[in-house]
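Here are my notebook entries from a first look at this protein. I went from the overall build to single residues, and you are welcome to follow along.

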Amino acid sequence: MTAPRPQAAPETSPETSLTPAGETSPAAPRTDPAAGRHALLVLAHPRTDSLTAQLAHRSRARLEAAGFTVDLLDLHAEGFDPRMSPQDEPDWADQDKRYSAEVRAQMRRIDAADVIVAVFPLWWFGLPAILKGWIDRVWNHGFAYGRSSPRLQGKRMLWIPLAAYPQDRFEELGWAGLVDRLLREGISAYCGIEDASVHFVHDSLTAGEKGLDAADDALDAFLG
């Protein structure tokens, strides 16, 4: 079911952050040289030798070379549970609902990021279950949406889906536009991230080194 559109409501100040207990406290100003240059790199694939994993590690190296500090979130390696539970189900009447410790820890990692990059295979023309579950549980009401001033506003996001289809066939069937809109508008923009882009890696079953080069192309275009 599609979540209701965010409604204006009293909210946590944008100058607050989640503490380890999940409460709010004044956010300490960044004083390190890499302020504004921290990336959350999300990897969603069960095999460490997959092209998806190789692309993620290539992306990490590219981000670090550009001066970013990188938090690699390997959802499978970290054992993230994508299943929704009553504790993390959105409460439309309570934007300050206290979510599980696992979800609050993930929220802090998103809060800390200036840039979010997600690398994943496109399965059934959508997100893999573990990544969809991460969005469902962590990008939750009261955190990612549901407030008059979006908490994630000002962040940038790059989606890198790997598709087995050749580019021309993928576009001919209309999937490029549909998936692009789902990711950029249905998730990123809905949660206040207006600066978001999607870079498909095509022919993923046979791309090999060309697929790895695609990570450089995507990040070069995204980082300018």
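**Entry 1: order of elements.** I read the elements from the N terminus on, and they run β-β-β-α-β-α-β-α-β-α-α-β-α. That gives six helices and seven strands in the protein. Helices (H or I, at least four residues) and strands (E, at least two) are DSSP runs, numbered from the N terminus.

**Entry 2: ground rules.** I noted that this is a predicted model, where local features need pLDDT of at least 70 and side-chain atom pairs count only at pLDDT 80 or more, while totals for chains, interfaces and linings use all residues. Residues are numbered from 1 along each chain as its sequence is written, and side-chain values use heavy atoms, with hydrogens and water left out.

**Entry 3: the whole protein.** I looked up how much is hidden: buried residues make up 46% of the 224 residues. Buried means under 20% relative accessible area, exposed means over 50%, and partly exposed is in between (1.4 Å probe, protein chains only). The accessible surface comes to about 11200 Å², and 52% of that belongs to carbon and sulfur atoms. These areas come from the Shrake-Rupley method with a 1.4 Å probe; for residues, only the protein chains shown count as cover. I also checked the contacts (heavy atoms within 4.5 Å). Of those with a separation of 6 or more, 79% are between residues 24 or more positions apart.

**Entry 4: helix α2.** Does the length of α2 agree or disagree with what its residues should span? Its twelve residues should span 16 Å at 1.5 Å a residue, and the end C-alpha atoms are 17 Å apart, which agrees. The expected span is 1.5 Å times one less than the number of residues. I then listed the buried residues of α2: Val-103, Arg-104, Gln-106, Met-107, Arg-109 and Ile-110.

Entry 5: Arg-109 made me curious, and I looked for its partner. Arg-109 forms a salt bridge with Asp-71, and their closest N and O atoms are 2.8 Å apart. Because Arg-109 lies in helix α2 (residues 101-112) and Asp-71 in strand β4 (residues 69-74), the pair ties together parts that are 38 residues apart in sequence. Arg-109 and Asp-71 are both buried. For the term itself, a salt bridge is a side-chain nitrogen of Lys or Arg within 4 Å of a carboxyl oxygen of Asp or Glu. I found 18 salt bridges in the structure.

**Entry 6: salt bridges inside helices.** Next I turned to Asp-136 and Lys-132, whose side chains meet in a salt bridge at 2.9 Å, N to O. They are separated by about one helical turn because they sit four residues apart in helix α3 (residues 129-138). Asp-136 is partly exposed at 33% relative accessibility, and Lys-132 is partly exposed at 40%.

Glu-172 and Arg-169 also meet in a salt bridge, at 3.2 Å, N to O. Both lie in helix α4 (residues 167-172), three residues apart, about one turn of the helix. An α-helix has 3.6 residues a turn, so residues three or four places apart point the same way. Glu-172 counts as exposed at 60% relative accessibility, whereas Arg-169 is partly exposed with 37%. I also noted a network in which salt bridges with shared partners join Arg-58, Glu-209, Asp-213 and Asp-216.

**Entry 7: positive phi.** Most residues other than glycine have a negative phi. Trp-124 is not a glycine, yet its phi is positive, about 50°. I found Trp-124 in the loop between β5 (115-121) and α3, and it is exposed at 84% relative accessibility. Asp-203, not a glycine either, has a positive phi of about 50°. Asp-203 is in the loop between β7 (195-198) and α6 (209-223), and it is partly exposed with a relative accessible area of 32%.

Entry 8: Ser-188 sits in helix α5 (residues 175-188) and counts as buried, at 0% relative accessibility.

Ile-193 came up again with Gly-154: the two are 39 residues apart in sequence and 6.4 Å apart in space, C-alpha to C-alpha. Gly-154 lies in the loop between α3 and β6 (156-162), and it is exposed with a relative accessible area of 69%.
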